[in-house]
Amino acid sequence: MPNIHPEVIKFQNELATPLYAYVYSAEPAVKQTRVYIAGKVTGLPHDEVVEKFAAAEKVLTDAGFDVVNPVSATTHLPEGTDWQKYMRITMCLMLTCDVVVMLPDYLTSKGALAELRTAEALGMQIDFYPEFNMVPDYKHFNTPAHDTSN
């Protein structure tokens, strides 16, 4: 197994899918764009969170993307896992992706805004659900981190 940071090793046993499965998965013959979904989780009913992330995942998967849904990827974390630990884990997942898709409620989420700022700082492509630029027939959005107008 490749060298993995000790914090990642510590958290990988708590994930439904270990992080190395995302980071070190074999490259497919045709590389799919890997997309991470970011949105509000804290303070919302669990069923509502699962439903909205699953709906976005279905749209993106149907459009041919390899989707990382942080809600389904962390279902095996112990109940009561603190916010900081959850964010460290999901940030690791996000960093394995090519694009971050922001759900409509991201502006009211401390975690989603942290993910947005991180993605911007790293120059990752950012898109907004449901107005995708990645999915045919959706209008184009640019962010300061990924301005394609130049």
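The buried residues of helix α3 pack against β1 (34-38), β2 (66-68), α4 (70-73) and β3 (99-102), where contact denotes heavy atoms within 4.5 Å and buried denotes under 20% relative accessible area, exposed over 50% and partly exposed in between (1.4 Å probe, protein chains only). The model is predicted: local features need pLDDT of at least 70 and side-chain atom pairs count only at pLDDT 80 or more, while totals for chains, interfaces and linings use all residues. Residues are numbered from 1 along each chain as its sequence is written, and side-chain values use heavy atoms, with hydrogens and water left out. Helices (H or I, at least four residues) and strands (E, at least two) are DSSP runs, numbered from the N terminus.

Helix α3 comprises 17 residues, 46-62, and its first and last C-alpha atoms are 24 Å apart, close to the expected 24 Å; the expected span is 1.5 Å times one less than the number of residues. The buried residues of α3 are Val49, Lys52, Phe53, Ala56 and Leu60. These residues lie on the same side of α3 because they cover an arc of only 90 degrees around the axis, the arc being that of the directions from the helix axis to the C-beta atoms. An α-helix has 3.6 residues a turn, so residues three or four places apart point the same way. Exposed residues His46, Asp47, Glu51, Lys58 and Asp62 are carried on the face of α3 turned away from its buried side. Gly64, which follows α3, has a positive phi, near 100 degrees.

Asn69 is situated in the loop between β2 and α4. This residue counts as buried because its relative accessibility is 4%. A polar atom of the Asn69 side chain lies 2.9 Å from the backbone nitrogen of Val71. When neighbours within four places in sequence are left aside, Asn69 is in contact with Ile37, Phe53, Ala54 and Glu57. Val68, in strand β2, also counts as buried, with a relative accessibility of 1%. The C-alpha atoms of Val68 and Val100 are 9.5 Å apart, although 32 residues separate the two in sequence.

Strand β3 is covered on both faces, with Val99 and Val101 buried on one side and Val100 and Met102 buried on the other. In a regular strand the side chains alternate between the two faces of the sheet. β3 pairs with β1 in the parallel sense over four bridges, pairing requiring that DSSP find at least two bridges between the strands. Four bridges also join β3 to β4, again in parallel. Val99 of β3 is the bridge partner of Val35, and the partner of Val99 in β4 is Gln125.

The largest nonpolar core contains 35 residues, of which Tyr36, Ile37, Leu60, Met94, Val100 and Met102 touch the most other members. Such a core is a set of buried Ala, Val, Leu, Ile, Met, Phe, Trp, Tyr and Cys residues joined through side-chain atoms within 4.5 Å. Two or more residues are given to this core by each of β1, α3, β2, α4, α5 (83-94), β3, α6 (110-121) and β4 (125-128). The largest share, six residues, comes from α5. In α5, the buried residues are Tyr86, Met87, Ile89, Thr90, Met91, Leu93 and Met94. Beyond its neighbours within four places in sequence, Met102 is in contact with Ala38, Ala112, Leu116, Ile126, Asp127, Phe128 and Tyr129.

Technical notes: Polar contact = N/O pair within 3.5 Å; in protein donor to acceptor, adjacent residues only side chain to side chain.
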